[in-house]
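Here's a quick tour of a protein model for you. Have a look at the picture first, then read on for the details.

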Amino acid sequence: MKANRIHEFGGTDVLELEDIEKPQPKDDEVLIKVYASSVNPVDQKIVEGAAQERFPTHFPLTIGWDVSGVIEAAGNHVRKFSIGDEVYGRPFPTTNGAFAEYLVIKADQIALKPKSLDHINAAAVPLAGLTAWQGLFKFGRLEKGQRVLIHAASGGVGSFAVQFAKWKGAYVIGTASVDNLAFIKQLGADEAIDYQNERFEEKLSDIDLVFDLIGKDTQQRSLQVIKPGGRLVTTVMQEFKEEAKEKQIQLEGFTAQSYPEDLEKIAELIEQGMVQPLVSAVFNLDEAAKAERLSAEKHTRGKIVIKVV
Ligand SMILES: NC(=O)c1ccc[n+]([C@@H]2O[C@H](COP(=O)([O-])OP(=O)(O)OC[C@H]3O[C@@H](n4cnc5c(N)ncnc54)[C@H](OP(=O)(O)O)[C@@H]3O)[C@@H](O)[C@H]2O)c1
């Protein structure tokens, strides 16, 4: 089978599309025929060797930590799924990913894919969707009526976060560049702030939760708009813990987990038409390096998908 692998750290030039043996599932795993995967910023961090602490890498490693596909074989202990089931999920980034024709993954890390989505759209959901869901609700404890500020609201995680927060009944404020302000309003944001030309900390106050997908200066300035007792949840480094403590703000970072119950809940919201993935570009399996370079520009609207079948 074909797989996009790395044998060393480096730039996108270390990605190699190789012919390798098709993997076999262990007792608690399934073999998925991959139809599509998607690009996430963690791909580049892993390829560059910049995510070693969180995700220690073993070479060779197939990249691509989203999958939508069909179960082709199942291990002896797998009860929940059958051959032919259409599933989606996020392989853990220390294990082989899905920029490949086949993937083995533990059966307790996947769920049935939303029926209303094709594989291209379903592959855009797991990693970004799980991150938005867990960031807002597990760590952020966002409730109806609360005010949430979502940075990078037009990107992969942000575009799900805006929709989830709106579904919950929160008052949603998003940041993006001028070209994406209308887009995040269409997703459901009540207010959209142009981060390149406006200072969000001069416009906002009394925020219950900031969902920070940017870090650094954005994280620090966010502390000025949160009410005492409020929360800042970040997907990147937590750099301002002391300052947060002084302001009685809870600052937390987290790594998204592949909980099937969260994937099922997200699939339910998609089926109900409450939430939808936004795919802005699709590349073939042999164009993975090109897709990664586009993502590295840090201006992806929604998601970039890799089409395998
Ligand atoms: N901890 C975890 O488990 C976890 C999981 C997923 C992601 N992450 C991390 O979270 C971050 C976001 O991930 P993602 O997949 O959403 O990335 P992404 O899709 O690449 O984000 C791109 C978006 O960021 C926006 N953006 C860039 N700079 C901005 C700024 N200064 N302020 C506001 N928006 C800005 C861009 O909007 P414009 O084009 O309008 O500028 C673009 O729409 C990444 O660092 C990723 O590694 C962590």
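Helices (H or I, at least four residues) and strands (E, at least two) are DSSP runs, numbered from the N terminus. What you're looking at is a predicted model, where local features need pLDDT of at least 70, side-chain atom pairs count only at pLDDT 80 or more, and totals for chains, interfaces and linings use all residues. Residues are numbered from 1 along each chain as its sequence is written, and side-chain values use heavy atoms, with hydrogens and water left out.

- You'll see "buried" a lot here: it means under 20% relative accessible area, while exposed means over 50% and partly exposed is in between (1.4 Å probe, protein chains only).
- Helix α3 (residues 126–139) is mostly covered, with 12 of its 14 residues buried. Among them are Pro126, Trp133 and Phe137.
- After α3 comes arginine 141, and its phi is positive, near 45°.
- Helix α4 (residues 156–168) is mostly covered too, as 10 of its 13 residues are buried. That group includes Gly156, Phe160 and Ala165.
- How far apart are the end C-alpha atoms of α4? They are 19 Å apart, which agrees with the 18 Å that its 13 residues should span at 1.5 Å a residue. The expected span is 1.5 Å times one less than the number of residues in the helix.
- Just after α4, glycine 169 has a positive phi of about 95°.

**Salt bridges**

- Side chains of opposite charge can pair when their charged atoms come close. A salt bridge here is a side-chain nitrogen of Lys or Arg within 4 Å of a carboxyl oxygen of Asp or Glu.
- By this rule, the count comes to 16 salt bridges.
- Glutamate 86 and lysine 113 make one of them, at 3.5 Å from N to O. Glutamate 86 lies in strand β6 (residues 86–89) and lysine 113 in the loop between β8 (110–112) and α2 (119–122), so the pair ties together parts that are 27 residues apart in sequence.
- Is lysine 113 buried or exposed? Lysine 113 counts as buried because its relative accessibility is 7%, whereas glutamate 86, at 36%, counts as partly exposed.
- Glutamate 201 pairs with arginine 221, their closest N and O atoms being 2.8 Å apart. Since glutamate 201 sits in helix α6 (residues 200–203) and arginine 221 in helix α7 (residues 216–222), this pair ties together parts that are 20 residues apart in sequence.
- Glutamate 268 is partly exposed at 38% relative accessible area, and lysine 265 is partly exposed at 26%.

**A positive patch**

- Which residues gather in a patch of positive charge on the surface? They are Lys45, Arg54, Lys216 and Lys298.
- Patches are built from residues with over 30% relative accessible area and no salt bridge, joining like charges within 9 Å and nonpolar side chains (Val, Leu, Ile, Met, Phe, Trp, Tyr) within 5 Å.
- Accessible areas come from the Shrake-Rupley method with a 1.4 Å probe, and for residues only the protein chains shown count as cover.
- Lys and Arg count as positive and Asp and Glu as negative, with His and the chain ends not counted. The place of a charge is NZ of Lys, CZ of Arg, CG of Asp or CD of Glu.
- Lysine 45 belongs to helix α1 (residues 41–48) and is partly exposed, at 39% relative accessible area.
- Lysine 298 sits in the loop between α10 (288–296) and β16 (303–307) and is exposed, at 71%. Lysine 298 also has a positive phi of about 65°, although it is not a glycine.

- Methionine 274 and phenylalanine 164 are 110 residues apart in sequence and 8.3 Å apart in space, C-alpha to C-alpha.
- Phenylalanine 59 and proline 60 are joined by a cis peptide bond, with omega about -10°.
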